[in-house]
Every structure is written in structure tokens, then in C-alpha cells.
Amino acid sequence: MPTKTSTNNGFENIPSIKAKTLRINLNPDIYGTFAEIGAGQETARHFFRAGGASGTIAKAMSAYDKAFSDSIYGIEEDGRYVTQSRLRKMLKHEMRLVEERIDRKENPNYRFFSYANTVATIDFSKRYKGHGWVGLRFQLEPTQKEPNEIILHVRFKQNEARLQQETLGIMGVNLIYGAYFKHDKPKKLLKYLYDHIDKDTLEIDLINFHGPSFKDVDNRLMSLQLIKNDMTDAVMFGPDGHNLLPAAVLYKKNILALRGSFRPVTKVNMDMFQKSHDIFIREQTVDYDNTIVIFEITLSNLKASGEIDEHDFMDRAELLSSLGHMVMISKFQEYYKLVEYFNNYTKAKIGLTMGVNNLVDVFDEKYYRHLSGGILEAFGKLFFKDLKVYLYPMKDSKTGQIMTSNNVKVHPRMKELYKFFKYNGKVMDIIDYDPDIMNIFSRDVLRRITKGEGGWEEMLPEGVAEMIKEKNLFVRKEVPQEEGVEED
């Protein structure tokens with residue numbers, strides 16, 4: 001029986017998993033293969049149990065043995081099996097076989113698909129929860145030469161392999177059903193992946209849509225949906241605009257992170273980045289070739305003017321990508337949560353570049369009242385092991401004084417705690433800053449752009465102003481009366 005979920009317009013019927021599989025099985029045109037490695041044939045099982053699978057499933061297989069798997073799909077360069085590369089090889093190989101083996105003359109209306117997953121479920125020691133790659137390659141029209149493709153990465157949160165397998169099977173059904181019947185609404189398709197699945201049991205931290213039916217889909221916006229829908233805590237994309245798997249990018253890397261609004265990116269942002277990067281790579285334990293820089297935007301910053309404006313998000317992303325930077329969108333309003341996230345994937349050096357106003361906020365107790373250990377618990381996570389803050393100075397608008405780590409004003413109760421971290425080398429001043437640009441703030445630049453005023457061009461890095469004018473960026477938005485804390 002279908003269940004119901006609340007929507008803006010009331011309730012929406014959600015077909016049961018059996019109803020979904022039956023609709024596909026009873027469709028005479030949908031035909032393809034299942035290749036599932038590492039978690040059993042959980043998705044195919046639902047189609048077999050529903051009945052009528054002979055008209056849908058050409059083949060279902062699990063190449064569990066590594067030797068068999070390698071003989072079918074080839075050997076990966078890195079020797080691993082739970083990778084995006086492996087999944088893509090599986091999808092292409094199985095799609096090619098079904099196209100070669102099924103006579104089009106006898107079956108002119110068939111719309112072929114290949115579904116695949118390569119997964120590692122929780123280990124016996126329960127130290128590693130498990131993760132996997134899941135994908136579908138499919139035709140929406142029999143004459144479609146270039147197939148569509150949906151690929152995603154999942155992380156399991158359950159503590160039993162059996163439960164993880166069952167969850168994977170349900171999500172696989174949701175993916176195939178969504179691809180054929182909700183492909184024209186990719187944002188809804190994304191939500192439907194969690195039909196009959198508790199979000200606490202599964203995280204989706206990457207998804208990419210490719211193919212002729214998704215030519216108008218920007219995968220960065222799909223990443224944003226993952227964050228908005230509470231499907232994951234952070235997403236990343238590279239300078240080319242392609243979505244990246246955070247775990248793969250961060251793994252064992254030295255990380256320098258710069259948080260900001262970047263609305264738009266200014267000369268101050270770039271000076272903060274360049275000067276802190278110069279210091280960071282000279283740190284004794286930092287290997288330049290194993291270092292990445294991340295420009296991070298919090299979800300709360302994207303919501304600064306109310307609901308998330310996707311055009312505004314894309315404008316920021318376009319500019320940062322054009323400057324060759326890696327971008328992260330996260331739910332981590334507090335810095336200690338960001339550092340905790342990084343520590344899941346690396347034990348190498350972590351650097352945070354921030355302004356004086358942000359450092360003052362870090363030492364504000366009100367942000368840690370929800371923690372049983374209060375600010376001490378947060379700081380135990382924030383300054384965990386090899387972390388350092390690179391502090392960019394700020395000019396006091398009233399006195400004209402340059403504020404640094406030596407004269408920053410934190411709450412009196414926090415002074416001794418601040419001194420402890422300061423004197424232990426956890427906070428380092430950026431001293432070779434450019435004093436001529438200290439009065440530049442993103443909010444002021446944005447206000448001038450939206451009001452059609454001049455004089456903002458020289459406040460931005462080379463080429464950025466031209467790009468804003470050429471692509472008409474930011475001019476569609478109203479500037480909110482109050483943006484909250486400035487994150488320059």
C-alpha cells in the first residue's frame with residue numbers, strides 16, 4: 001500500500017516498494033541487467049519477489065570473487081573495488097552486453113538499462129560503517145544513442161550489515177523507479193531516493209546526473225539539494241564545476257580552509273588566502289604536494305537573506321571556480337564542527353584562515369550552550385592535535401586601530417583561555433597583509449552592484465568585475481537589511 005508524506009500542498013502518496021517494482025516489471029519496454037558487488041543482490045531481489053521479473057531482468061549477477069570481477073571488468077589502477085571508476089566500468093560493460101545480445105528488430109521498443117553497485121558494508125569490528133557507489137545507465141527512448149546516467153555515493157549509518165543491505169536494496173528500487181518516472185523532476189527524484197528509508201540510516205554525499213535528458217541539470221545545484229534536504233553535512237565541487245566526493249578529496253591531506261560569504265569574492269578574500277597559504281606551506285609538517293585549499297560557505301550564510309537563492313549560490317560558485325578554487329558547502333556553523341569533519345578523513349595539518357571578528361565569535365560562549373562540556377568541549381575538538389588559526393587583521397571603524405591577536409577583545413571570562421591557545425602557537429597573525437584594502441567588505445560591494453553604483457570594480461580580484469558584468473551576476477537580488485556577521 002502507498003504511504004503518505006506531507007508536502008506544501010497537503011499529502012503526497014508514496015508507492016510501496018512492491019508497487020514500484022511491479023510498475024517497472026509490468027512495463028513491457030523497460031529491460032536491463034543488475035550487477036551488484038559487496039552487499040548481495042538486494043535490489044534485484046525486490047524485482048524478483050514482486051513477480052513479472054522475466055520481462056524486466058535480462059541478467060542479475062554478483063561478481064563477489066575478485067578474480068572473477070577483474071576478469072569481467074578489468075583491474076583498477078589503484079587495486080580498489082569500491083570506487084566510482086569501478087562502478088562506471090560495470091555500468092558501461094553491462095549496458096554494452098545487453099545491447100549486443102538483444103535483437104533490436106525483434107524488440108524495437110525496449111529501453112535498456114544497467115543498474116550497478118559496488119559496496120563495502122560494515123566490518124566485523126564495526127570500526128568502519130561502510131560505503132558504496134550506486135549507479136544507473138538507462139535509455140528513455142529506444143532510439144536514444146547516448147544513454148543517461150545517475151551516479152551517487154552513499155555512506156551507511158546502521159550497525160548491522162544485514163540492515164545496510166536492506167537499505168541499499170530499497171534505495172536501488174527508488175533510483176530505478178525515479179529515473180524512469182521522475183526524470184523530468186531531478187530535485188524530486190533526489191528526495192524520492194529516501195522513500196521508505198530513514199535519513200538517519202543512510203547518507204548520500206555525492207550525486208551526478210549525465211546524459212541528454214539531464215543536459216539542463218547543474219550538478220552543483222543537485223549537491224546543494226543534498227545539503228538542503230539533510231542528506232549529508234557537506235558537499236564539494238572543483239574549479240571545473242564537477243561534484244567531488246569529500247572523503248576522496250580530503251583523505252590524508254593537509255587542509256587550509258577559508259570561510260566566507262564570497263558574495264562576491266573580494267581582494268581581501270584573496271589576500272587572506274594568499275598570505276595564509278604562504279605561511280601554511282612553510283609549516284614543518286606540511287607537504288606542499290599533499291595540500292589542498294578549500295573555500296567554504298556555510299548553509300546558514302546561504303540563508304542569510306531568508307531562503308536559499310539558487311541563483312545567488314551559483315553566482316558565488318561561478319566566481320570561485322573561475323579563480324581556480326575548490327568550494328565546499330557545509331552545515332557547520334561552528335568552526336569546531338568543520339574541524340571535526342576534516343578529522344574524519346585526515347590526521348595531517350589543518351589550518352583555518354579567519355578575520356578578527358570571526359575569532360571573537362569563536363570565543364563566544366553562546367555558541368556552545370548546547371554542549372554538555374560547553375566551550376571547553378568545543379575547543380577540545382577545534383584545537384585537536386595539529387590545527388592552527390591564521391588571523392587576518394581588522395581595522396576598528398571607530399578608532400582606526402589595527403586589531404590583531406595581541407589586542408583582540410574577547411569576553412573577560414575567556415581571556416585566560418584565549419591566552420592559553422595564543423601562547424601555545426595555535427593562533428598566528430598574518431603580518432604582511434595589504435593595508436590599502438582593509439576597508440573592502442563583500443556586503444558593500446554587493447550593495448553597490450545591486451544599486452547600480454560605480455567604484456566597486458577595483459575592490460575585486462583581476463577579471464572578477466568583468467565576469468560579473470558579462471554574466472549579469474548578483475544584480476537580480478535585493479540586498480537584505482541585515483546580513484549578520486560579515487565573513488570576509
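I looked up His 46 first. His 46 is buried at 18% relative accessible area, where buried means under 20%, exposed over 50% and partly exposed in between, with a 1.4 Å probe and protein chains only. This is a predicted model, where local features need pLDDT of at least 70, side-chain atom pairs count only at pLDDT 80 or more, and totals for chains, interfaces and linings use all residues. Residues are numbered from 1 along each chain as its sequence is written, and side-chain values use heavy atoms, without hydrogens and water.

I placed His 46 in helix α2, residues 42-50. Helices (H or I, at least four residues) and strands (E, at least two) are DSSP runs, numbered from the N terminus. I then listed contacts (heavy atoms within 4.5 Å). Leaving out residues up to four places away in sequence, His 46 touches Ile 17, Thr 21, Gly 169, Ile 170 and Val 173.

Next, aromatic rings. I found 24 aromatic pairs in the whole structure. Rings of Phe, Tyr and Trp (its six-membered ring) pair if their centres lie within 6.5 Å; planes under 30 degrees apart are stacked, over 60 edge-to-face, the rest tilted. Phe 113 and Tyr 180 have ring centres 6.5 Å apart and planes at 80°, so I noted the pair as edge-to-face. Phe 113 is in strand β5 (residues 111-120) and Tyr 180 in helix α5 (residues 161-181), 67 residues apart. Both Phe 113 and Tyr 180 are buried.

I also checked Phe 363 and Tyr 418, an edge-to-face pair with 5.3 Å between centres and 80° between planes. Phe 363 is buried at 1% relative accessible area. Tyr 418 is buried too, at 7%.
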